[in-house]
Amino acid sequence: MDRAWIDGRPAAEADALAAAAELLERSRQPFVGGLRTDVSGIRAALGLARRIGAIVDHGESDAIYPLLTALRDGGAFLGAPAEMKRRADRVLVLGDEVAKVAPDLLAMLTETEPDLGVRTRGDAREFRSLCRAPLDSAGRGRAEHVDCAPEDIVDVVGLVRAKLSGRRAGEGAVGGDAVAGLAEFLKGAGFAAVVFAPAELGALGTEQVFGLVSDLNETTRASTLPVSASTNAMGAALQGAWTSGFPLRVGFGRGAAEHDAALFSARRQLSGDGEADLALIVDALAEPGAGGPPCALPQIAVTSEPGAVEGARVTFAVGAAGCDHDAVFYDARFGSFVGRPADAKSELPTAAAILDALADRLGGRVADAA
Amino acid sequence: MLTRLKGGHVVDPANNRNGVGDVFVSDGVVVDAPTDAKAPDETIDCTGLVVMAGAIDIHSHIAGGHVNTARLLLPEWHRAFSARPGETALSKVGWTTEETGLRYAEMGFTMVVEPAMAPSSALHAHLELADTPIIDKATLVVLGNDDLMMSMIRDGESETAIADYVAWTVAASRALGVKCINAGGSAAFKENVRKFDFDDVVPDYGVSSRQIVKTLQKAVTGLGIPHPLHVHCNNLGVPGAASDSIAATIRAAEGDPLHLAHIQFYGYGDEGKRRFSSRAQALADLVNATPEVTVDIGQVMFGQTVTISSDELRQFAGSKQASPKKSVIFDHEANGGGVVPMDYKARSFFNALQWAIGLELFLLIEDPSRVFFTTDHPNGAPFTAYPDVFALLMDRGVRAKWLDALPSSVKKMTQLPELEREYTLEEIAVMTRAAPARLLGTPDRGHLGAGAGADIAVYRPNDDKAAMFGKAAYVLKDGVVVVKDGTVVRRTLGRAVTLRPEPDKAMKTRLDRYFDERYGVSSRWFEVPEGALRRDDPFEVVPCRA
């Protein structure tokens with residue numbers, strides 16, 4: 001089985017490594033992206049990036065940046081899904097993306113009942129949804145739906161805040177009664193959980209949701225469960241934070257890590273309109289991705305898909321993390337990192353091994369230098 | 001290979017050494033002077049220098065979910081984020097895992113304990129620690145706000161069952177000890193309780209903070225875990241109530257070992273027109289009179305920092321004072337927590353008095369083997385402020401200078417100007433080397449006797465103690481020179497020091513079911529799997545006491 005390709009033709013791995021190293025060496029500004037891999041793959045990618053002065057971003061970080069931006073601009077209230085499962089007696093679902101990107105989370109909440117807390121345990125969980133499509137099921141719980149266009153959700157959240165603080169406000173898109181109903185629903189909760197997709201509501205909308213929950217916590221208890229289409233991007237951002245100080249979108253071109261969420265975004269760099277002139281893309285997970293931006297640059301591909309990547313100057317076949325080899329991933333339901341043993345160990349190299357080997361050729365083992 | 005550190009002033013109180021002499025190192029271990037005339041392979045001339053064991057920090061938040069959230073919350077503090085680097089708020093702070101290891105090593109620290117690892121965040125914490133170079137690491141795992149512990153106490157389960165649960169948690173998370181943070185307080189906050197005292201009960205459990213602390217203390221002692229239960233008391237930072245809480249907790253030690261964390265934040269009275277005063281004297285007296293307790297200070301220093309704590313209740317309350325005005329509050333399983341930025345200002349009466357109270361406690365607690373050197377990094381100050389703290393302890397002239405710069409209202413509220421004590425080199429070595437090693441149960445650390453690990457810090461004496469302790473002349477880690485003249489010259493990887501108590505099989509089965517049924521998560525996720533860190537030798541297991 002072929003494991004490496006140069007310009008689409010099968011090649012010996014050593015030759016492919018030499019070719020890729022030469023491309024990286026000649027590049028004026030390399031970009032290391034994709035990053036669909038496990039913790040050790042990202043560790044190696046960041047180490048290589050630091051060594052070669054690359055710009056780094058995850059292919060799917062558009063899915064998490066609205067959350068990160070809101071959090072660092074104004075702070076946040078964040079709940080763990082497992083704790084909300086046991087404690088939240090009332091759940092507000094904002095937007096239609098939640099059902100699309102986190103059906104498991106919704107199922108967990110609708111199929112169970114809170115069992116902790118004097119006020120919260122024992123009763124069926126109640127749901128309100130503010131979006132287009134009503135919830136599929138609320139189990140034993142009562143669900144009420146407020147029909148709302150996606151572009152009006154954040155405004156309605158603002159009106160609910162106004163209502164809760166006793167300020168006068170207009171009718172808005174869903175009417176004053178619906179707003180008052182939502183305010184009462186949240187205020188009367190023993191512990192309210194607000195579930196939403198930051199990518200749908202945007203950074204400002206996300207800030208509005210955190211503001212709502214902050215207001216509620218003045219007198220009662222509430223938290224949020226933000227969901228995203230890319231758990232893998234969130235894990236990579238967390239790892240980027242401890243490694244470089246920043247949640248990716250960093251450039252190592254001037255030595256120390258520099259962060260710029262616009263300048264160093266994968267979308268900008270891969271479009272060919274950014275500074276990068278060469279992309280190294282890691283795509284080594286068994287599960288299909290949410291889809292990253294298209295790549296208009298010459299590419300070195302590190303992939304668990306079979307065969308050479310079309311158009312790539314060099315392709316390396318690697319194992320899918322957690323499938324072909326043991327791996328560690330961020331897990332959204334657990335809210336932290338978990339180990340995942342291989343389904344069936346294969347002989348394929350890991351993404352980390354290829355990236356380390358490239359780093360070796362570019363001047364010593366650098367996987368730890370980030 | 002034999003290395004001789006020649007002719008230094010060896011300060012090694014664990015072995016009663018305090019004078020000029022040699023230290024020999026072979027294969028990463030301190031050895032006796034060779035009896036034959038064998039020439040060393042390498043000689044490091046330490047003439048005129050001070051030689052100590054590597055320092056140990058027993059309480060510094062350097063890794064894990066909450067620490068990493070602080071990084072996410074405050075990108076503007078990173079040096080590189082600024083267009084004009086060098087002058088941003090935390091520009092000197094070891095903020096990444098990489099910098100944390102390097103900056104600690106440059107000061108002669110060779111082991112640091114992350115004191116607040118949530119069981120659910122154990123793998124995350126260990127991943128970060130595995131990326132932290134040079135220094136050895138250890139963690140304390142947090143229990144005491146978790147549903148299972150409180151349910152077991154409520155249901156009157158046996159001490160054995162509770163100890164089995166604690167042992168499983170320590171083993172799964174690869175911890176070196178157990179910490180309890182505002183016992184019951186975080187759980188109560190989830191029930192919308194806003195103030196929680198030592199004898200208050202957690203709603204729905206009917207279990208008091210006192211019961212939780214005593215139960216955990218008994219379990220930890222019974223399991224032979226060398227480090228005593230590490231307690232973060234109730235009412236942190238609340239004038240009057242804080243001081244009452246810690247006094248009640250210390251009295252509850254009742255002859256068994258107990259460690260009280262960052263006690264500076266509990267030395268607060270509510271006297272005076274601003275309702276904020278020092279109760280350092282009373283707290284120090286109580287510590288002095290209670291030999292079974294140890295404490296660390298959590299010294300406040302001036303400047304921008306960020307507080308990171310699993311005390312969700314108090315962090316939520318503190319979020320009103322956040323500077324800059326943003327914070328993250330977590331409602332996780334068990335403890336939850338919060339990340340709240342804080343700017344301690346020398347011109348603020350409150351912050352200046354906090355600073356003074358920390359120093360009063362350092363100077364009024366008599367036994368340097370029972371008081372530990374911490375800023376509760378980064379809660380009181382980043383660990384990079386340590387050189388200044390050493391100077392303040394060792395030089396009353398430095399204290400006088402700092403005091404002069406403070407508001408006069410503060411000077412009336414502190415006895416600091418009258419305190420003449422200056423820590424000696426030997427006392428510093430006790431506080432930062434010999435005693436921490438004993439407290440953690442790591443007998444081959446903290447001293448320079450034969451058989452000790454060759455973690456050694458060599459300092460160039462200087463009247464300016466901040467300069468002396470800020471940049472070690474040499475640091476050896478496992479016998480290898482890693483720092484010269486305050487700069488890292490070799491980047492090695494240390495280990496995480498852990499206990500590995502054998503968990504009870506029945507408890508394991510019970511927990512498999514519990515986590516699955518109640519939380520919908522796998523108990524396996526709480527484990528730090530062998531090999532997950534992808535390092536050659538990530539752990540060093542030390543035994544529990546028989």
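Asp204(B) lies in the loop that runs between strand S10 (201–202) and strand S11 (207–208) of chain B. In this predicted model, Asp204(B) has a positive phi of about 80 degrees although it is not a glycine. With 20 other C-beta atoms within 10 Å, Asp204(B) counts as buried, because the cut-off for a buried residue is 20 or more such atoms. Leu248(A) also has a positive phi, here of about 65 degrees, and is not a glycine. The loop between H10 and strand S11 (250–251) of chain A holds Leu248(A), and this residue is buried, with 32 other C-beta atoms within 10 Å. Most residues other than glycine have a negative phi, and most peptide bonds are trans.

Chain B has a cis peptide bond from Ser323(B) to Pro324(B), with omega near 0 degrees. Pro324(B) is placed in the loop between helix H10 (312–318) and S18 of chain B. The bond from His377(B) to Pro378(B) is cis as well, with omega near -5 degrees. Pro378(B) sits in the loop between strand S20 (371–372) and helix H12 (386–394) of chain B.

Ser348(B) belongs to the loop between S19 and H11 of chain B.

## Two hairpins in chain B

Strand S22 (residues 474–477) and strand S23 (residues 480–484) of chain B pair in the antiparallel sense, over four bridges. One of the bridge pairs joins Leu476(B) to Val481(B) in S23(B). The two strands form a hairpin with two residues between them, and in its turn Asp478(B) has a positive phi of about 50 degrees.

S23(B) also pairs with strand S24 (residues 487–488) of chain B, again in the antiparallel sense, over two bridges. Here Lys484(B) has Thr487(B) in S24(B) as its bridge partner. S23(B) and S24(B) form a hairpin with two residues between them, and Asp485(B) in the turn has a positive phi of about 45 degrees.

## Two open sheets

In chain A, five strands form an open sheet in the order S8-S7-S6-S9-S10, with parallel pairing. Strand S8 (143–147) and strand S10 (222–226) of chain A are the edge strands, each pairing on one side only. Neighbouring strands of this sheet are turned against each other by 15 degrees on average, direction ignored. Strand S7 (residues 126–131) of chain A is joined to S8(A) by five bridges, and the two run parallel; Ser129(A) has His145(A) in S8(A) as its bridge partner.

A second open sheet has four strands in the order S5(A)-S18(B)-S19(B)-S17(B), with mixed pairing. Strand S5 (76–79) of chain A and strand S17 (303–309) of chain B stand at the edges with a single partner strand each, so one side of each has no neighbour in the sheet. Neighbouring strands here are turned by 20 degrees against each other on average, direction ignored. Within this sheet, strand S18 (residues 328–331) and strand S19 (residues 337–344) of chain B pair in the antiparallel sense over three bridges, and Phe330(B) is the bridge partner of Gly337(B) in S19(B).

## The nonpolar core

The largest nonpolar core has 318 residues, and those touching the most other members are Ala45(A), Leu94(A), Val194(A), Val51(B), Val178(B) and Val458(B). Helix H11 (residues 349–364) of chain B gives the most to this core, with ten residues. From chain A, the core draws at least three residues from each of domain 1 (4–63 + 231–361) and domain 2 (66–226). In soluble globular proteins, nonpolar side chains tend to be buried together.

Leaving aside neighbours within four places in sequence, Val458(B) is in contact with residues including Leu5(B), Cys46(B), Val51(B), Ala472(B) and Tyr474(B). Helix H3 (residues 122–130) of chain B is mostly covered, with nine of its nine residues buried. Among them are His124(B), His126(B) and Glu128(B).

## Domains and a helix contact between chains

Chain A is divided into domain 1 and domain 2, whose C-alpha centres lie 35 Å apart. Six residues of domain 1 are in contact with six residues of domain 2.

Helix H10 (residues 231–244) of chain A packs against helix H1 (residues 65–73) of chain B at an angle of about 85 degrees, with their axes 9 Å apart. The two helices are therefore roughly perpendicular to each other. Leu238(A), Ala241(A) and Trp242(A) of H10(A) make the contact with Asn68(B), Arg71(B) and Leu72(B) of H1(B).

Notes:
Residues are numbered from 1 along each chain as its sequence is written. Chains are lettered from A and ligands numbered from 1 in the order in which they are written. This is a predicted model: local features need pLDDT of at least 70, side-chain atom pairs count only at pLDDT 80 or more; totals for chains, interfaces and linings use all residues. Two strands pair if DSSP finds at least two bridges between them. A nonpolar core is a set of buried Ala, Val, Leu, Ile, Met, Phe, Trp, Tyr and Cys residues joined through C-beta atoms within 7 Å. A residue is buried if 20 or more other C-beta atoms lie within 10 Å of its own, exposed if 12 or fewer, and partly exposed in between; C-beta atoms are placed from the backbone. Domain bounds come from an automatic or database domain assignment. Two residues are in contact if their C-beta atoms, placed from the backbone, lie within 7 Å. Axes are lines fitted to C-alpha atoms, for helices over the stretch in contact, and angles run from 0 to 180 degrees between N-to-C directions. Angles under 35 degrees count as roughly parallel, over 145 as roughly antiparallel, 65 to 115 as roughly perpendicular and the rest as oblique.
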